[in-house]
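The sequence and structure come first.

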Amino acid sequence: MSTIAIPNETLPRTGIAATLPAPAPLADADRKPLTKKETAADHPTWCPGCGDFSVLALYYKLIEKRKMLHENICTVAGIGCSSRFPYFVQAHGAHFIHGRALAFASGVSLSRPDLHVFVFGGDGDAFSIGGNHFTHTARKNIKLTYVVMDNFVYGLTKKQTSPTSPIGFKSKTDVGGSTDRPVNPMKQAISAGATFVGRATATNLPHLLKLMEAAMDHDGFSFIECLSECIEFFPGAFDAAIPRKGGTFTEIPAEHDVTDEYAAYKLCDAPWPGVFGTFYKVDRATKNANEAKLITDSRAKLAGVPDWQILQRNFDRMK
Amino acid sequence: MSDNTSTATPNDSSRTSAITESVIRIAGDSQDGIQAIGGFLARLAGRSEQEVMTFMTIPSTISGGPSIFQVRIGSGEVLSAGDEADVLLCFYDHSYANHISSLKRGGIVLYDSDHVTPKEDMLSVYRHVGVAISSLTVEAIGGTGRDKGKNIYALGLIAKMFDLNVPKLTKLIEERFGGKDPSIVANALNCFNGGYGHQIQGLIESFRFEHAEKTGAPQVVMSGNEALAYGIIAAGVRFGAGYPITPWSEIMELLRRELPKYGGMFVQTEDEIAAISMAIGGSYAGRVSVTGSSGPGISLKTEALGWASMAEMPVVVIDVQRGGPSTGMPTNQEQSDLNIACFGGHGDSPRVVLAPSSVEDCFYTAIEAVNIARKFSTPVIILSDQAIATRIEAFPCPDLQNICQDISPDFTPVADHKPYDLTAADGVTRHIAPGTRVASGKYPVATGLEHDELGHPTGSGKLHTQMNAKRRNKLRKLASELPVPKIYGATEGHVLLVGWGSSKGPIEEAVKLGRSQGEAVSGLHIKYINPLPNGLENLFNGFTHVVVCEINDEGLYGHGQLASLLRSRYCDPRIKSVTKTDGLPWKVKDILTRALALTK
């Protein structure tokens with residue numbers, strides 16, 4: 001059989017600067033927590049006053065507080081203002097296509113359980129173009145954390161109606177006011193089978209940090225809707241949830257049973273601006289764990305058998 | 001059937017002729033298990049070190065519908081499934097009516113006399129042999145009133161007719177039905193023995209294949225889809241994602257079943273877009289991953305494919321072509337995805353396209369695709385098609401110990417890394433996987449935005465120009481490494497028949513046929529579709545006409561898809577094409593007749 005000879009070789013790595021010193025052989029345990037200076041990358045391109053800055057600042061803080069190592073963090077995003085996130089973080093990152101960040105991140109999470117996989121995005125990315133992936137990533141309970149910075153408007157394309165825009169919202173695509181019923185992200189997530197569902201605002205930082213930590217610690221698909229104001233195209237959208245602007249920030253009462261799906265649904269219908277905290281949290285086997293079990297079971301009888309011999313057995317049956 | 005010698009003696013009803021090859025067409029309905037008969041014959045041929053090639057059509061209806069399986073077994077080189085059948089086995093009147101014309105004049109039609117009434121005017125043209133297959137099957141398995149198993153009964157008849165190796169066939173039947181309820185194996189063997197022991201009335205001779213030359217290596221028998229899937233595993237791929245669509249599904253089913261044995265996994269996703277996105281995520285995570293599809297599924301994947309071009313992320317996409325556009329003809333053969341494979345998507349998004357020519361080539365092409373993807377950090381599309389996917393061939397068992405690869409990611413820390421380094425040697429950069437520590441503290445972003453060398457967004461026209469050149473030039477580098485294909489036949493002549501993908505066999509057979517008729521015809525098979533290997537123009541120069549034979553439409557400007565690509569590449573008006581879209585593989589005679597008519 002003639003095929004072109006691209007041998008089974010270890011390919012040389014490229015793009016590596018030879019002039020820099022090799023990395024210090026420091027044990028991971030001896031490495032200091034990363035400071036904001038070390039985790040910050042490009043200066044964010046967001047408008048001054050954008051709610052997304054808070055989420056980014058808390059992500060740096062989370063990395064520092066939980067002593068995550070640069071190389072083990074993977075930040076993934078789709079398309080939108082908030083999806084510029086990976087450029088602003090010094091960690092392995094991917095800026096994928098519109099709406100498909102969860103599918104991409106699932107590929108990372110499933111094949112690399114050693115990484116912390118975080119996905120950031122906006123409401124259009126999550127609930128419109130990526131709606132199908134949102135549903136199925138939740139259903140499959142893929143281990144990753146998804147923070148949706150929900151601003152109720154398309155910002156990057158300059159003010160069109162988004163899937164979470166309230167009825168009556170005037171945009172360039174609904175000059176007379178939006179008439180389509182908005183998505184309720186909490187309900188959507190719970191009904192899809194998400195195992196961690198939380199809601200926060202970009203203005204209550206301690207609360208958001210606490211929720212992000214809980215989400216990260218959750219073994220499964222953890223989803224946070226973070227109300228994050230678009231100062232340019234929907235200013236004041238979330239004032240009703242900001243005490244210093246006369247609003248009220250109502251936390252979910254401590255007695256709420258986070259494993260009670262019906263109770264969680266009821267919280268989703270709380271009058272605007274709704275309630276904040278963990279709506280729903282249950283333990284259910286992740287896709288990662290299910291696949292790992294499938295692998296363990298499949299390999300039970302193959303211990304020590306090299307890959308080529310496993311394949312050879314199949315080929316022998318086809319002789 | 002090529003008769004060599006006949007050991008006939010007058011009035012001997014058991015005359016046996018030695019033959020070198022035979023084409024057997026089995027026609028029935030899709031639930032009759034006729035693929036199983038064909039499969040047994042193909043695997044028997046493989047075990048007997050004979051060449052074998054099959055061809056099948058399946059209805060795209062949910063249950064039932066006419067279906068055929070054609071198997072060509074030969075003691076010499078078998079290049080196609082054959083234009084005409086030597087033997088037609090048909091179960092119903094409709095199978096008889098639709099396929100009798102595929103039989104060679106004087107060929108044998110073996111029919112189920114319980115269901116088929118031969119046509120008067122055909123009796124003199126073909127040798128008719130009627131056997132009450134349905135009722136005899138019921139009898140053979142003890143009169144349960146069901147004729148399930150008539151395919152195996154018919155296999156017994158064929159085994160008798162061709163003096164096939166009964167112990168080997170029995171073993172195959174036991175392997176196929178073993179492991180289930182023991183009564184199933186017993187029933188199958190009863191059917192087989194019933195058919196084999198039946199005294200066929202009206203059959204004046206039987207046939208025996210001449211011994212094939214020993215090739216040395218034992219043969220394996222599988223379909224193109226199986227060969228692609230196993231090739232992907234041999235290449236070291238351990239992650240993939242897909243969405244079911246005919247005829248690609250079989251590959252994902254196999255990978256889903258097999259990969260866990262190797263510590264890998266294959267994910268069935270919610271849609272085609274998620275499938276390619278997840279596979280690209282798997283590649284980004286450090287190890288080239290695979291996805292695939294057919295027909296409309298490929299259209300859906302093009303946006304993410306563009307990302308892989310832009311982000312320079314390796315990924316292998318298998319396209320098992322079928323009749324299009326839209327839902328088209330899902331279970332028919334067509335080669336009409338060449339354009340989308342090479343050019344599908346917005347913007348300039350170079351990618352590699354390879355088209356395997358046979359079942360064996362599917363196995364090796366899969367490995368090659370993975371390695372090109374790794375080496376050039378690029379998406380690679382494998383263009384298979386419905387015919388190659390479903391046909392069964394025998395080929396020498398690959399040397400798996402030396403072929404199987406480990407492509408585990410390398411996490412060695414690096415000092416600094418530029419994922420899109422414009423000064424990289426050979427112009428090719430490769431990514432470092434997440435988990436790799438970068439001492440400088442500057443981490444890369446893989447991106448679909450135009451970017452600088454570190455992967456950060458840019459609006460610079462200069463960088464866009466440089467990066468476009470980087471993405472394009474690395475494929476020019478690949479082109480310079482590709483082997484120039486060899487001409488089949490003389491290097492000079494009147495007509496050069498050019499083909500790609502699964503047409504290789506029929507085209508080479510057309511060359512043989514043409515030369516046997518005194519025509520100055522040669523053949524050229526192009527496996528590397530994008531980029532094309534360098535130097536094809538030198539091969540074309542030896543011929544007055546270059547005729548590309550492809551199974552797609554001639555398009556607005558009168559040329560098939562590869563012909564259009566070659567014309568735009570070489571600006572050579574000698575390049576013409578013969579095309580067709582009847583959903584079936586080429587007939588050797590058609591290729592020759594049409595190509596000669598075009599060049600007279």
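## Contact between the chains

Two residues are in contact if their C-beta atoms, placed from the backbone, lie within 7 Å. By this criterion, 61 residues of chain A touch 82 residues of chain B. On the chain A side, the elements that supply two or more residues are β2 (92–95), α3 (101–111), α5 (131–140), α9 (287–299) and α10 (307–317). The most, eight residues, come from α3(A). Helices (H or I, at least four residues) and strands (E, at least two) are DSSP runs, numbered from the N terminus.

The chain A side has 31 nonpolar, 19 polar and 11 charged residues. In this classification Ala, Val, Leu, Ile, Met, Phe, Trp, Tyr, Cys and Pro are nonpolar, Asp, Glu, Lys and Arg are charged, and the others, Gly among them, are polar.

## Model and numbering

This is a predicted model, in which local features need pLDDT of at least 70, side-chain atom pairs count only at pLDDT 80 or more, and totals for chains, interfaces and linings use all residues. Residues are numbered from 1 along each chain as its sequence is written, while chains are lettered from A and ligands numbered from 1 in the order in which they are written.

## Chain A overall

Chain A holds 10 helices and 10 strands, and its C-alpha trace spans about 70 × 50 × 45 Å along the principal axes. Of its 319 residues, 47% are buried; a residue is buried if 20 or more other C-beta atoms lie within 10 Å of its own, exposed if 12 or fewer, and partly exposed in between, with C-beta atoms placed from the backbone. Among contacts between residues at least 6 apart in sequence, 67% join residues at least 24 apart.

An open sheet of nine strands runs in the order β9(A)-β10(A)-β7(A)-β8(A)-β4(A)-β3(A)-β1(A)-β2(A)-β18(B), with mixed pairing. Two strands pair if DSSP finds at least two bridges between them. β9 (250–251) of chain A and β18 of chain B are at the edges with a single partner strand each, so one side of each has no neighbour in the sheet.

The link between the chains consists of three bridges from β2(A) to β18 (residues 445–447) of chain B, and these two strands run parallel. Here A:H95 is opposite B:T447. Within chain A, β1 (residues 73–77) and β3 (residues 116–122) also pair in the parallel sense, over five bridges, with A:A77 opposite A:F120.

Helix α3(A) lies across β1, β2, β3 and β4 (144–150) of chain A, at about 180 degrees to β3(A). In α3(A), 11 of 11 residues are buried, including A:F104, A:V108 and A:L110.

## Helix pairs in chain A

Axes are lines fitted to C-alpha atoms, for helices over the stretch in contact, and angles run from 0 to 180 degrees between N-to-C directions. Angles under 35 degrees count as roughly parallel, over 145 as roughly antiparallel, 65 to 115 as roughly perpendicular and the rest as oblique.

Helices α2 (residues 52–65) and α7 (residues 205–217) of chain A pack at about 55 degrees with axes 10 Å apart, and are therefore oblique to each other. Their contact involves A:S54, A:L58, A:K61 and A:L62 of α2(A) and, among others, A:L205, A:L208 and A:M212 of α7(A). The contact residues comprise seven nonpolar, one polar and two charged.

Helices α6 (residues 185–192) and α8 (residues 261–268) of chain A pack at about 160 degrees with axes 9 Å apart, and are therefore roughly antiparallel. A:M186, A:K187 and A:I190 of α6(A) meet A:E261, A:A264, A:Y265 and A:C268 of α8(A). This contact has five nonpolar, no polar and two charged residues.

## A parallel sheet in chain B

Four strands of chain B form an open sheet with parallel pairing, in the order β20-β19-β22-β23. β20 and β23 (575–579) are at the edges with a single partner strand each, so one side of each lacks a neighbour in the sheet. The twist from one strand to the next averages 30 degrees.

Six bridges join β19 (residues 493–500) to β20 in chain B, and B:V495 is opposite B:V521. In β20 (residues 521–526) of chain B, six of six residues are buried: B:V521, B:G523 and B:H525 point one way, and B:S522, B:L524 and B:I526 the other. Helix α16 (residues 504–516) of chain B lies across β19, β20 and β22, at about 170 degrees to β20(B).
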